[in-house]
Amino acid sequence: MSKVQQNFSVVSDDADKPGPLQPASVRSLRSTTKRNASSEVAGPAPKIAVKVEKWTIESVCKNGRRLDLSSNEPNAASVIKTLFKEIHGSVLSKLNIHPLHWDECADSELGPFLKTFNNSVKAFRKKNPRDVLLSKENWRQKEASEFRVICDLACQLAIPNPRVLNTHYAGFSSGTYGETNIETLQKILDLLGVKEDDVFMDLGSGIGQLVTFAAAYTNIAHVRGIELQQVPAGFADENVRQFKKLMRHFGEKPRPFELKLGDFNTEEIETFLKEKATIIFCNNLAFDPDLMIKLRAILQFCNNGTKIVVTQKLETTKKGRTPRDYFGYCRQKNDYVNDSKLLSLHSKGPFPFLSS
Ligand SMILES: C[S@@+](CC[C@H](N)C(=O)[O-])C[C@H]1O[C@@H](n2cnc3c(N)ncnc32)[C@H](O)[C@@H]1O
């Protein structure tokens, strides 16, 4: 048996089996798909032995922890390749290790590569106990690509089949799922100039990637997200678990954050928005007119100065719906800034209300 094979730890009898902490909603959807495929077409699926490899990456950061993944976790191999491609690059040159061709390398190359990498990291630490291989000094500057990578990879590990997110709700409805990409949120947060006493709320937070990114990237006081539907909220739980694991690997601590399953149209959330939130984000692109009216009513009670960013103007009716954009409101003297001061992220110049 070769050294690579010795690293294989378990022999699984089910290649499609979800990891132990898969959200319940995902588990049931996955098993439904499998049952249909096997019972209608070819009888029970044959059991194929799949070797599960344990992949470990030693931390190269101050206070970082080892990252353990299994080859049967969703997207584990591509996550490792991306980590090395996007973040660990500078470390490899310090250790005199040649990178693999990340875009083409076979998953079977990862085990031997990680063994060399981990041994080199341990040897480096022994020889230079005070040195840190990966400095994070630039991480919080404008680019912040490392935090985007971490949040994105957490989603990849948490969500084996993102298509499920686009098929669990009825037609074009308030439950329609759609994602704001992390780069766009970063732009918004930069434009808003988030401060230490800000409190951010994502109304309809989906899988929670905006909440985790805000908690990683900013020095904000608190971040919250609330999501009505089980499927995205279940993924959000797993996303949080993976996000924390990746952050620990880099010795990073996110700001306090929470993601909950629930309706934003409740007294508790209304009170929170009124008394605590200073930045409110809502991707309300597909909200039906009733929900839009409720949202407007809820936001009416926010404190003066509260910044609100939505993807569809609050006054929009079904008829007046426009393609997705980002519009900013600021509560002032018991009213929103008027229409002429609405911001559009895609228009030129800064958010107008920031200079008002
Ligand atoms: C377009 S997705 C946005 C996801 C995420 N905020 C983003 O921008 O990437 C809108 C989400 O709002 C959720 N939603 C709709 N009505 C809601 C309500 N009353 N309370 C909480 N969430 C709601 C939907 O289930 C859907 O997942």
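## Overall fold

Two residues are in contact if their C-beta atoms, placed from the backbone, lie within 7 Å. Among contacts in the protein between residues at least 6 apart in sequence, 69% join residues at least 24 apart. The model is predicted.

The protein contains 12 helices and 10 strands. It has 356 residues, and 35% of them count as buried.

## Helices α6 and α9

Helix α6 spans residues 145–158, and helix α9 spans residues 230–249. Their axes come within 8 Å and cross at roughly 130°. Angles over 145 degrees count as roughly antiparallel, and 65 to 115 as roughly perpendicular. The two helices are therefore oblique to each other. The crossing of α6 past α9 is right-handed.

On the α6 side, the contact is made by Ile150, Cys151, Leu153, Ala154, Cys155, Leu157 and Ala158. On the α9 side, the residues are Phe235, Glu238, Asn239, Gln242, Phe243, Leu246 and Met247. By class, the residues of this contact divide into 11 nonpolar, two polar and one charged.

## The ligand shell

The ligand is surrounded by 23 residues. Thr180, Gly204, Gly206, Leu228 and Asn283 are the closest. The shell divides into eight nonpolar, 11 polar and four charged residues.

## Glycine 204

Glycine 204 is one of the residues closest to the ligand. Its place is in the loop between β4 (199–203) and α8 (209–217). A residue with 20 or more other C-beta atoms within 10 Å of its own is buried. Glycine 204 has 26 such neighbours inside 10 Å, so it counts as buried.

Leaving aside residues up to four places away in sequence, glycine 204 touches Glu227, Leu228, Phe264, Cys282 and Asn283. Among these, Leu228 and Asn283 are also listed as closest to the ligand. Phenylalanine 264 lies 60 residues from glycine 204 along the chain, and their C-alpha atoms are separated by 7.5 Å.

## Valine 164

Is valine 164 buried or partly exposed? Valine 164 sits in the loop between α6 and α7 (182–192). A residue is buried at 20 or more neighbours, exposed at 12 or fewer, and partly exposed in between. Valine 164 has 19 C-beta neighbours inside 10 Å, so it counts as partly exposed.

Valine 164 and valine 231 are 67 residues apart along the chain. Their C-alpha atoms are separated by 8.3 Å.

Definitions and conventions
Residues numbered from 1 in each chain as written. Predicted model: local features only at pLDDT ≥ 70, side-chain atom pairs only at ≥ 80, totals over all residues. Axes fitted to C-alpha atoms, helices over the stretch in contact; angles between N-to-C directions. Helix = DSSP H or I, 4+ residues; strand = E, 2+ residues; numbered from the N terminus. Parallel < 35°, antiparallel > 145°, perpendicular 65-115°, else oblique. Left-handed = near helix turned anticlockwise from the far one by under 90°. Nonpolar A, V, L, I, M, F, W, Y, C, P; charged D, E, K, R; others polar. Near = placed C-beta within 6 Å.
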